[in-house]
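Me: I have a new model open and want to learn how to read it. Can we go feature by feature?

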Amino acid sequence: MTNDCRLYLITPPVLPDNFEAQLAAALDAGDVAALQLRLKDVPDDLIARTVDRLRPIAQSRDVAFILNDRPDLAMKLGCDGAHVGQTDMPLKQARKILGELTLGVTCHNSRHLAMEAAEAGADYVAFGAFFPTSTKEPPEMAEIETLQIWAETMEVPCVAIGGITAENCAPLVRAGAEFLAVVGAVWNHPDGPAAGVQAMLKAIAAA
Ligand SMILES: Cc1ncc(COP(=O)(O)OP(=O)(O)O)c(N)n1
Ligand SMILES: Cc1nc(C(=O)O)sc1CCOP(=O)(O)O
Ligand SMILES: [Mg+2]
């Protein structure tokens, strides 16, 4: 049986010099729904310059370009939306700034937070971390049941994140995740990012 789960790619914590080429290769390797630019603790002008470099690579391939943490800059810089966490900009403010653009919200392992996000107009909610990850110290681990109940009962799409790989993703797909968000599974793949995307897509299709 096929499923509707799609891949949501997030940039690595540090962008290598040849990142544009790596990104183009990854996005050309198969269906990617969205790319999130996630740069932590850097000045706004670096975010702006990086958006200008990467946004056309994604948008020219019909991949939504989402900016992490900063709805204000997402709006200003021509992004397709922004992702905010529980300690970032308040949801109502983010929704107001973004207008019709996409708003994604981190909800950890909480359907209550996800309900609040949905009520505030989130376009997707993200649960995680499902598996240990070296990309960041996740504040909380998430249970597949949280995602499954959400997917079965709510309309707002859900994203699964945190330590997801081609080897461990099947239960999340079967539980109804609309998107799998990954960093390491693609950018740290031993055969390169294109192989990482292909491996994830193969695993999603087989789930
Ligand atoms: C798709 C997606 N899900 C969750 C997060 C985490 O957001 P947040 O909790 O704000 O943590 P940081 O990523 O900002 O460190 C995300 N970025 N994307
Ligand atoms: C950015 C992020 N947020 C998480 C959360 O739990 O909210 S886990 C995470 C890191 C995702 O990277 P990887 O695919 O390499 O594990
Ligand atoms: Mg954040």
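This is a predicted model: local features need pLDDT of at least 70, side-chain atom pairs count only at pLDDT 80 or more; totals for chains, interfaces and linings use all residues.

Me: Which residues are the protein donors of the magnesium ion (ligand 3)?

Reply: Look for donor atoms within 2.8 Å of the metal. Here they are Asp-69 (OD) and Asp-88 (OD), at 2.0 to 2.2 Å. The two are 19 residues apart: Asp-69 is in the loop between β3 (64-68) and α3 (71-76), and Asp-88 in the loop between β4 (81-84) and α4 (91-98). Asp-69 is buried, at 16% relative accessibility. Asp-88, at 28%, is partly exposed.

Me: How do I read β4, and which way do its residues point?

Reply: Check the two faces, then the neighbours. Gly-81 and His-83 point one way, Ala-82 and Val-84 the other, and all are buried. β3 runs parallel to β4, joined by 3 bridges. His-83 in β4 stands opposite Asn-68. The β-α-β crossover from β3 through α3 to β4 is right-handed.

Me: What pairs with β4 over 4 bridges?

Reply: Strand β5 (residues 102-106), in the parallel sense. Gly-81 has Thr-102 of β5 as its bridge partner. β4, α4 and β5 form a right-handed β-α-β unit.

Methods. Residues are numbered from 1 along each chain as its sequence is written. Chains are lettered from A and ligands numbered from 1 in the order in which they are written. Side-chain values use heavy atoms; hydrogens and water are left out. Donors are N, O and S atoms within 2.8 Å of the metal (3.2 Å for Na, K and Ca); water is not among the atoms, so sites may look incomplete. Buried means under 20% relative accessible area, exposed over 50%, partly exposed in between (1.4 Å probe, protein chains only). Two strands pair if DSSP finds at least two bridges between them. A crossover is right-handed if, with the strands pointing away from the viewer, the path from the first strand over the helix to the second runs clockwise.
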